[in-house]
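Subject: Structure for your files

Hello,

Here is the structure I said I would pass on. My notes on it come after the coordinates.

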Amino acid sequence: MSNGRIGHGSSHPGYELAMLIPRAEIQRRVAALARRIHRIYDNQPLVVIGVMSGALFFLSDLLRRLEQPLQVELVTLRSYRGKSTKPSKIQWIHRMQADVAGKHVLLVDDILDSGQTLATVLRTIRRQKPLSCRTCVLLRKERAEKPKVEADWIGFPIADVFVVGYGLDFDGLYRNIPDIAVLQQK
Ligand code: IMP
Ligand code: MG
């Protein structure tokens, strides 16, 4: 982990970006996660459900490294709460279309914070009686309160800070930064 400034400046006056997880480290970890996931499912078919839009980059990098036959499904939820880590109401924007009854499901999200988002999607998936349902998140915030659900696979535990980049946004911005950075006050 390095603490240097990163090339992309902050679009928000009074805030700056501090490097948290450089792109090479992300890629190494994604490869390791894919190996572990492959070991569990072997070559059994899988339905991978990605939570948009935060999991966009993580999902696509992970998918490219999974070798079993798989279907990809995207769901979109919004839990907008600005930079605050306080849980807010979750809103479905795009619901699951696939029928996952009797199938192995892997739910992929960018970050596990309060766990509200994963808990909401998991409820919908479990109603369909899949053969199994596991979760994989790139980041998990170490917060005082326990999350509503735990993830089966976690890329990196991080402090309770607001992060952007590699798909994660603030106010719709910063998703295209290839590294993960902390958006902090100057
Ligand atoms: P949860 O529902 O509280 O677990 O929050 C999960 C969702 O909130 C994630 O899918 C993200 O979209 C968003 N989120 C939580 N923390 C951050 C953050 O530090 N940066 C950007 N998005 C975040
Ligand atoms: Mg999200």
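Below are notes on a helix pair, then on a further helix and one of its residues. Please keep in mind that this is a predicted model.

Helix pair

Helix H1 covers residues 23-41 and helix H2 covers residues 56-65. The crossing of H1 past H2 is right-handed. On the H1 side, the residues in contact are Gln 27, Val 30, Ala 31, Leu 33, Ala 34 and Ile 37; on the H2 side they are Phe 58, Asp 61, Leu 62 and Arg 65. By class, this contact comprises 7 nonpolar, 1 polar and 2 charged residues.

Helix H3

H3 runs over residues 116-127. Its 12 residues should span 16 Å at 1.5 Å a residue, and the end C-alpha atoms are 17 Å apart, which agrees. Buried residues in H3 include Leu 118, Ala 119, Val 121, Leu 122 and Ile 125. The buried residues of this helix pack against strands S2 (46-52), S3 (70-78), S4 (91-94), S5 (104-112) and S6 (132-141). After H3 comes Lys 129, with a positive phi near 55°.

Thr 117

Thr 117 sits in H3. Its relative accessibility is 17%, so Thr 117 counts as buried, the cut-off being under 20%. Beyond its neighbours within four places in sequence, Thr 117 contacts Val 51, Ser 79, Ile 90 and Asp 109. Of these, Ile 90 is 27 residues away in sequence, with a C-alpha to C-alpha distance of 6.8 Å.

Regards

Terms used. Residues are numbered from 1 along each chain as its sequence is written. Chains are lettered from A and ligands numbered from 1 in the order in which they are written. This is a predicted model: local features need pLDDT of at least 70, side-chain atom pairs count only at pLDDT 80 or more; totals for chains, interfaces and linings use all residues. Side-chain values use heavy atoms; hydrogens and water are left out. Axes are lines fitted to C-alpha atoms, for helices over the stretch in contact, and angles run from 0 to 180 degrees between N-to-C directions. Helices (H or I, at least four residues) and strands (E, at least two) are DSSP runs, numbered from the N terminus. A crossing is left-handed if the near helix is turned anticlockwise from the far one by less than a right angle, and right-handed if clockwise. Contact means heavy atoms within 4.5 Å. Ala, Val, Leu, Ile, Met, Phe, Trp, Tyr, Cys and Pro count as nonpolar, Asp, Glu, Lys and Arg as charged, and the others, Gly among them, as polar. The expected span of a helix is 1.5 Å times one less than its number of residues. Buried means under 20% relative accessible area, exposed over 50%, partly exposed in between (1.4 Å probe, protein chains only).
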